[in-house]
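Please open the model in a viewer and keep the selection tool at hand.

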Amino acid sequence: MEAFPIINLEKLNGDERGATMEMIKDACEKWGFFELVNHGISHDLMDTVERLTKGHYKKSMEHRFKEMVASKGLDAVQAEINDLDWESTFFLKHLPLPNISEVPDLDDEYRETMRQFAKELEKLAEDLLDLLCENLGLEKGYLKNAFYGSKGPTFGTKVSNYPECPKPDLIKGLRAHTDAGGIILLFQDDKVSGLQLLKDDKWVDVPPMRHSIVINIGDQLEIITNGKYKSVMHRVVAQTDGARMSIASFYNPGGDAVIYPAPALLEKEAEEKVLYSGLKFVFEDYMKLYAGLKFQAKEPRFEAMKAIESVVPIPTV
């Protein structure tokens, strides 16, 4: 199998720009995932985020996770568990309205560090969307505008810890799913692995690398690109020999953004390749559906959205 795509963003500034853009294109089309190095986010900032995140888990979340495990008898299960995940999480909202001041148990240094990290990730997400536009032949800013809605994009972070698990064959760290939204930026543990994606019907490890950011494509980008870029199934396998940190930031459409394939891309396709022509919906309607069907295949969700497409007008530009 081909090697997992690792992309050095610094090479966009020199003679290797063309080859690097081709690597990004290939990764979006064939993998739905790629890993960025030299992405412009300070390594010192990332180290601080990691230190504070792991410290916060130890101080404020570990005991609650252990209580949950004990109350459900999860450390002694004998059969596969399909209705929960072996993870400890909390969520931060950044856009359109932040909630970081209201999340309990975070100390001031952690709050400020995560605010700073979110700003860096927001910029990286928007830069990446413009690189995708360039590869797709869309005008600069098209994807950001497609996500905008009336109040701008939705941007938030899921902070997760996957503690050591005594029965990883019976309990997944996180069950297999595709991501509902736009573009996802993941800062993951560089020592403990666990993230896997499904490629050619085989589970492939996403390699842990120090100071990298893993990127994956969400369902909305698959639709906007008419299936050219892929939202792929992925999961987290819990480990017996180490706890894994995962900080996933989701740059998604605004709740009232209307999602549909880019007309410029449909015009380029032969009729038999127009996968999502006529599919259009409001993003928050998709999220309501996704909430109950997250751990199922994406295709039935797309089909279900066609049933309500007629009530959603495509805005004229």
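Is the crossing of α2 and α3 left-handed or right-handed? The crossing of these two helices is left-handed. The model in view is a predicted one.

**First stop: helices α2 and α3**

Select residues 43–72 for helix α2 and residues 108–136 for helix α3. Their axes come within 10 Å and cross at roughly 135°. An angle over 145 degrees would count as roughly antiparallel, and 65 to 115 as roughly perpendicular; α2 and α3 are therefore oblique to each other. To see the contact itself, display the side chains on both helices. On α2, the contributing residues are Leu45, Met46, Thr48, Val49, Arg51, Leu52, Thr53 and His56. On α3, they are Glu109, Tyr110, Thr113, Met114, Gln116, Phe117 and Glu120.

Next, select residues 107–134, which UniProt lists, in an unreviewed entry, as "coiled-coil region". Over residues 107–134 the chain is 96% helix and 0% strand. The C-alpha atoms at the ends of this stretch are 41 Å apart.

**Second stop: the annotated domain**

Now select residues 153–253. An unreviewed UniProt entry annotates this range as "domain: Fe2OG dioxygenase". Here the chain is 6% helix and 45% strand, and the end C-alpha atoms are 5 Å apart.

Is Gln196 buried or exposed? Its relative accessibility is 13%, so Gln196 counts as buried, the cut-off being under 20%.

Which residues does Gln196 touch, leaving aside those up to four places away in sequence? They are Trp203, Val204, Asp205, Val206, Met233, His234, Arg235 and Val237. With Asp205, the side chain of Gln196 makes a polar contact, side chain to side chain, at 3.0 Å.

Glu10 and Gln196 are 186 residues apart along the chain, and their C-alpha atoms are separated by 26 Å.

Select residues 283–293 for helix α7 and residues 298–306 for helix α8. These helices pack at an angle of about 140°, with their axes 11 Å apart. That angle makes α7 oblique to α8. The crossing of α7 and α8 is right-handed. From α7, Asp285, Tyr286, Leu289, Tyr290 and Leu293 make the contact; from α8, the partners are Arg301, Phe302, Ala304 and Met305.

Definitions and conventions: Residues are numbered from 1 along each chain as its sequence is written. This is a predicted model: local features need pLDDT of at least 70, side-chain atom pairs count only at pLDDT 80 or more; totals for chains, interfaces and linings use all residues. Side-chain values use heavy atoms; hydrogens and water are left out. Buried means under 20% relative accessible area, exposed over 50%, partly exposed in between (1.4 Å probe, protein chains only). Contact means heavy atoms within 4.5 Å. A polar contact is a pair of N or O atoms within 3.5 Å; within protein, one must be able to donate a hydrogen and the other to accept it, and residues adjacent in sequence count only if both atoms are side-chain atoms. UniProt positions are given in the numbering used here, feature names are shortened, and annotations may be inferred rather than shown by experiment. Helices (H or I, at least four residues) and strands (E, at least two) are DSSP runs, numbered from the N terminus. Axes are lines fitted to C-alpha atoms, for helices over the stretch in contact, and angles run from 0 to 180 degrees between N-to-C directions. Angles under 35 degrees count as roughly parallel, over 145 as roughly antiparallel, 65 to 115 as roughly perpendicular and the rest as oblique. A crossing is left-handed if the near helix is turned anticlockwise from the far one by less than a right angle, and right-handed if clockwise.
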